[in-house]
Each structure stands twice: as C-alpha cells, then as structure tokens.
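Here's a quick briefing to read with the model open in your viewer. Take a look at the fold first, then come back for the details.

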Amino acid sequence: MHKIVINNSKIYMKNLINENIFSNLTTNIYDYVFVITEETVFNIYQDHEIFHKGFKVVNIKQNQPIKTLETSQIIINELSNLGCTRKSLIIGFGGGVIMDFSGFIASIYMRGIDHIFIPTTLLGMVDAAIGGKTGVNTKFSKNLIGTFKNPEYIYIDSIFLNSLNKKDMIDGFAEIIKYGLIKDKDLFFESVKNFKTCINHKNSKILDNLIKKCCKHKIDIVKQDQFEKNHRMILNFGHTIGHALEKCYNYEHLTHGQAVYYGMNAINFISWKLNYITDNQFKIIDDFIKQVPLFDIGDLKVEEVMKNLKFDKKQTWNKNQFILLNDLGSCFITNKVDNAIVKQSLDFIIN
Ligand SMILES: NC(=O)c1ccc[n+]([C@@H]2O[C@H](COP(=O)([O-])OP(=O)(O)OC[C@H]3O[C@@H](n4cnc5c(N)ncnc54)[C@H](O)[C@@H]3O)[C@@H](O)[C@H]2O)c1
Ligand SMILES: [Zn+2]
C-alpha cells in the first residue's frame, strides 16, 4: 500500500481489501462508525466488507438531492437517532457528492467529528476527496455553503472504478488533464496518450499512476494555500467558464467534467490569442479536447454564458479571475482579460 501524507491527513492507495483497514476502527478509538453513502453505490457494493463490519449505515435514497441543507438536516437527525457522538467516526463512501456532503456533516455535527473518505469515482479520487473543502448547494449557486475540514484518512482503491460508467470516467479525467496543464507537462502528455485505455479501464496500473500523481499535485497546491487565498485558485483552471456553462443548463445534461473540458479549451484559446502560448501548444490541447466525446453545446448563446460569468462565486471586485497558460504544464492567475476576448473564446468553443 502506498502512503502519501498531507498536513494531518493521510492518503493510502490500493488494496484496501487485502489490508483490512477497518479492523481496529471501533476498538478503543471510536464508539461508533457511521458509513454515509448513497443508494447507487450501496446497491453495487452491498457485499463489500465496509457494510459487514457492524458499522451503522446512512444510505441516502436515489430520489433525494444530496448536497442540500434540507438533506443535511435529515441526515443529522438520523445520526442523532442512531446515537452518533463526539467520539464517533463518519466514513464517506461514494463519489464527489458524498465526499462533499459527508465532509460537511462531519464538520458541523457536534462542532466537528472525525471522518474518513473512501472515494468511488475517478473525480472523487483525484480531486473531491483531497484538500478539505466540503459543501452543499443552494438555489443561487453550487457549493455556496461549506467548510474546510480535512479527513483523518483517504483510502483510494481504483478497483471501485470497475463499476463506473465510461461517461463518469471521462468526467473525472478532465481533472487529470487539468493537473497536467497547470503543473506537469509530462503528466499532460502521459494522460493524453493513455486517455482511451484509461477510460475503458484497460490498464489500471497506468491509471493508478496517474491518480497518484494527481493526488500529489493537489496535496502540494493545497499545502501552500489551504484556504484558497491565492495559489489554490489555479485548481480553478477551466472552471470559471466551465461553471458558467453548467449554469446555462441548470446543472443538468452538461456534467461538470464536460464543462471543464470546454472551459479548459476556452482558456487555451485565450492564452493563445494573448500570445502566452504558441500556435503548436494551442493545437495540441485543442486536438485532444476535440476528440473527447462531449455533450454538444451548439445551442448556447454567448451572451447567456457571459451573464453567468458575471455571477461567478470567485469574482472579486467585479472582475473574473482567470487561470491562463504560459506553457504546457505552467499557468498564472490574472483578472486582466477583456470581455471581448472571453466572448471570442466562447464563440470558439460553442461553434
Ligand atoms: N471538495 C472538492 O474539492 C471538490 C472537488 C471537485 C469536485 N467536487 C464535487 O464533487 C461532485 C462531483 O463528484 P462526482 O463526479 O464523483 O459525482 P457523483 O458523486 O454524483 O458520482 C457520479 C455518479 O457515479 C455514481 N457512482 C459513484 N461511485 C460509483 C461506482 N464506483 N460505480 C458506479 N457508479 C458510481 C454516482 O451514484 C453518480 O451517479 C460535485 O458535487 C463537486 O462539487 C468537490
Ligand atoms: Zn472540477
């Protein structure tokens, strides 16, 4: 088992089943262990040992929106009824939604109790489980309410990806490409080369290696700026425009990962037009993103996306922050991008 340490959190990779990670959880450390999961994941993994250790299971039903304050209230009541105390542990077992939600609950229940993450999606493994951001949505915005709290441990086992569909694999892969573009040229080329193999789960050694590199990058970035005062913002590469696109579809149809591919290509365009990257670098990114199977956004109106950009949560002093590329594997933060060029970039990705 590979171990990476971040601040007080530890990430363990691979072979959870063989390592018997749950054996000493209840002895004298925690009075009860609660597994917060959701129905899809529970139905697939109900025979997994996590559900046969005597832990109390909180299984959120399929028709219930998970990341809301209403659901938080319901689950907090359920935890109270089941006898959850300050000495209890929460395990979040599921995708990024369960990571954000269970982390949020663990951070507010009795002013915070210990929690562990076991991500079951690619996006959960390379992104959502790491860095201590928790959150729920409101009708105004995604993740508008949230806290910072790091889990005690994160256990990553790509075996869970065997049941994940291709679309969710492609979504998670957007974040792998992101780390490559902002921080690690070799990772970018390695990811592009192995994209097809990985999304079909054909070679999990290659994928494990990519996951491990992404975890290290996220840890490294978060370590420098846990509370996103500055440097951590580079993780929003492609996300400012991506979020605006997601909002155009009311967070339906166009998934987060797909929006991020489009957002990254818009930024690719802006970085190129402003002469920060060469024609060739622009083309390498564009060629890759154009062959990723994505939802068609041809019906979008540029003005509508621009309107959503104005309401971006990360806007400061009425200006959008953009993360631009100045090389493959290198980026910088700026709020000096004219609306005219942003519009051109939207025209470019929409048409
Ligand atoms: N906190 C952070 O730093 C951070 C970073 C990135 C994303 N996020 C959050 O992550 C969320 C998105 O995460 P996601 O893409 O994992 O979505 P998700 O949790 O909704 O999972 C995607 C789909 O996969 C299913 N699923 C999960 N595991 C599975 C498995 N092993 N096999 C088959 N199906 C499985 C789920 O039921 C769901 O239908 C968003 O809410 C986003 O805000 C948080
Ligand atoms: Zn993202």
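Which domains does the domain assignment of the chain give? The chain splits into domain 1 (2-164) and domain 2 (167-350), with bounds that come from an automatic or database domain assignment. Keep in mind that this is a predicted model, where local features need pLDDT of at least 70, side-chain atom pairs count only at pLDDT 80 or more, and totals for chains, interfaces and linings use all residues. Residues are numbered from 1 along each chain as its sequence is written, while chains are lettered from A and ligands numbered from 1 in the order in which they are written.

**How the domains meet**

- The centres of domain 1 and domain 2, taken over C-alpha atoms, are 27 Å apart.
- Across the boundary, 24 residues of domain 1 are in contact with 25 residues of domain 2; contact here means C-beta atoms, placed from the backbone, within 7 Å.
- On the domain 1 side, β1 (2-6), β2 (9-13) and α5 are the elements giving two or more residues. Helices (H or I, at least four residues) and strands (E, at least two) are DSSP runs, numbered from the N terminus.
- α5 gives the most to that side, with five residues.
- By class, the domain 1 side has 13 nonpolar, eight polar and three charged residues. Ala, Val, Leu, Ile, Met, Phe, Trp, Tyr, Cys and Pro count as nonpolar, Asp, Glu, Lys and Arg as charged, and the others, Gly among them, as polar.

**Around ligand 1**

- Ligand 1 is surrounded by 27 residues, a residue being near if its C-beta atom, placed from the backbone, lies within 6 Å.
- The closest of these are Thr 40, Gly 95, Gly 96, Val 97 and Thr 121.
- Both domain 1 (2-164) and domain 2 (167-350) give residues to this shell, so ligand 1 lies between them.
- At least two shell residues come from each of α2 (39-45), α4 (96-108), α5 (122-128) and α6 (166-183).

**α6 against α7**

- α6 and α7 pack at about 170°, with their axes 9 Å apart. Axes are lines fitted to C-alpha atoms, for helices over the stretch in contact, and angles run from 0 to 180 degrees between N-to-C directions.
- The pair is therefore roughly antiparallel: angles under 35 degrees count as roughly parallel, over 145 as roughly antiparallel, 65 to 115 as roughly perpendicular and the rest as oblique.
- Among the residues that meet are Met 169, Ile 170 and Phe 173 in α6, and Leu 187, Phe 188 and Phe 195 in α7.
- This contact has twelve nonpolar, two polar and one charged residues.

**α7 against α8**

- The axes of α7 (residues 185-199) and α8 (residues 204-224) come within 10 Å and cross at roughly 140°, so the two helices are oblique to each other.
- Residues making the contact include Leu 187, Glu 190 and Asn 194 of α7, with Ile 206, Leu 210 and Lys 213 of α8.
- By class, that is five nonpolar, three polar and two charged residues.

**α9 against α12**

- α9 (residues 239-248) and α12 (residues 302-310) pack at about 115°, with axes 8 Å apart.
- Their contact divides into five nonpolar, two polar and two charged residues.

Technical notes. Contact = placed C-beta atoms within 7 Å.
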